[in-house]
Amino acid sequence: PGPRVPLSEVLRDTALLRLNFGIFTLHMVQMAMFVLLPALLVTSGGIPLAKHWQVYLPAVLLSFALMVPAIVLAERRDQIKPMFVAAIILLLITEIGLSLANDDLYVLIGGLINFFVAFNILEASLPSLISRVAPPRAKGAALGIYNTCQSLGLFAGGALGGFLAKHQGAAGVFLASAGIVSLWLVL
């Protein structure tokens, strides 16, 4: 064993703080989007809720097929950070594009595929980065804080998405999401 790393040290580690903000943002954006997407698929494409799986399943499978080679290639070439940053940029572009969709079903489906590519890359990378960055004796605490930030992001995304959808419409939700993703990119 050896000396324990104080929790306050884990909470002050800037690399961990940036990664925790990242998982918070990723899940906030996801929930904010999914407050809207079911209704947009109904109004834009006339796709009844019972058939949304016909959109989501192919989008997830295609995104997975695109994500896996990207991660494998980045790992082989030791280019994890550029791939990570590229995924954040793709998420940002997706949110901006969705804000301009104007109820176009094909833009929504394309945005959904892009979202899942970025989401899957980031979701796969973030826990690995937390484990690499956290001090060896504080990995448990670091992962606990990470999981808490993830859960808080889910809550904040649902609340913010619902509030903005009611007061600003779909474009407001996507632009607010783009704003927080921009902040993550800067960090």
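1. The chain is built from six helices and zero strands, and from the N terminus on its elements run α-α-α-α-α-α. Here helices (H or I, at least four residues) and strands (E, at least two) are DSSP runs, numbered from the N terminus. The model is a predicted one, in which local features need pLDDT of at least 70 and side-chain atom pairs count only at pLDDT 80 or more, while totals for chains, interfaces and linings use all residues. Residues are numbered from 1 along each chain as its sequence is written, and side-chain values use heavy atoms, with hydrogens and water left out.

2. On overall shape, the C-alpha trace of the chain spans about 60 × 40 × 30 Å along its principal axes. For 187 residues, a compact globule would have a radius of gyration near 16 Å, and the 18 Å of the chain agrees with this. That radius is taken over C-alpha atoms, and the globule rule is 2.2 Å times the number of residues to the power 0.38.

3. On burial and surface, 42% of the 187 residues of the chain count as buried, where buried means under 20% relative accessible area, exposed means over 50%, and partly exposed lies in between (1.4 Å probe, protein chains only). The accessible surface of the chain comes to about 9,600 Å², and 68% of this belongs to carbon and sulfur atoms. Accessible areas come from the Shrake-Rupley method with a 1.4 Å probe, and for residues only the protein chains shown count as cover.

4. On contacts (heavy atoms within 4.5 Å), residues 24 or more positions apart account for 80% of the contacts in the chain with a separation of 6 or more.

5. On charge, the chain carries 11 positive and 8 negative side chains, and the centres of the two sets lie 8 Å apart. Lys and Arg count as positive and Asp and Glu as negative, while His and the chain ends are not counted. The place of a charge is taken as NZ of Lys, CZ of Arg, CG of Asp or CD of Glu.

6. Rings of Phe, Tyr and Trp (its six-membered ring) pair if their centres lie within 6.5 Å, and planes under 30 degrees apart count as stacked, over 60 as edge-to-face and the rest as tilted. By this rule the count comes to six aromatic pairs. One of them joins Phe-34 and Phe-116, a tilted pair with 6.1 Å from centre to centre and 40° between the planes. Because Phe-34 lies in helix 2 (residues 14–45) and Phe-116 in helix 5 (residues 105–133), the pair ties together parts that are 82 residues apart in sequence. Phe-34 counts as partly exposed at 23% relative accessibility, whereas Phe-116 counts as buried at 10%. Ring pairs also link Phe-34, Tyr-56, Phe-115, Phe-116 and Phe-119 into a cluster.

7. Thr-25, which is found in helix 2, is buried with a relative accessible area of 0%. Not counting residues up to four places away in sequence, Thr-25 touches Ile-180, Val-181 and Trp-184. The C-alpha atoms of Thr-25 and Cys-149 are separated by 8.9 Å, although these residues are 124 residues apart along the chain.

8. Two residues of helix 6 can be read together. Gln-150 has its place in helix 6 (residues 139–186) and counts as buried at 17% relative accessibility; not counting residues up to four places away in sequence, Gln-150 touches Ile-23, His-27 and Glu-123. Ala-156 lies in helix 6 and is buried with a relative accessible area of 19%. Leaving aside its neighbours within four places in sequence, Ala-156 is in contact with Phe-24, Met-28 and Gly-161. The C-alpha atoms of Ala-156 and Val-29, 127 residues apart along the chain, are separated by 9.0 Å.

9. Two loop residues also deserve a look. Asp-103 has its place in the loop between helix 4 (80–99) and helix 5, and is partly exposed with a relative accessible area of 46%. Not counting residues up to four places away in sequence, Asp-103 touches Leu-40 and Ser-44, and from C-alpha to C-alpha Asp-103 and Gly-45 are 8.2 Å apart in space while 58 residues apart in sequence. Asp-78 lies in the loop between helix 3 (53–76) and helix 4, and counts as exposed at 65% relative accessibility. Asp-78 has a positive phi of about 55° although it is not a glycine. Most residues other than glycine have a negative phi.
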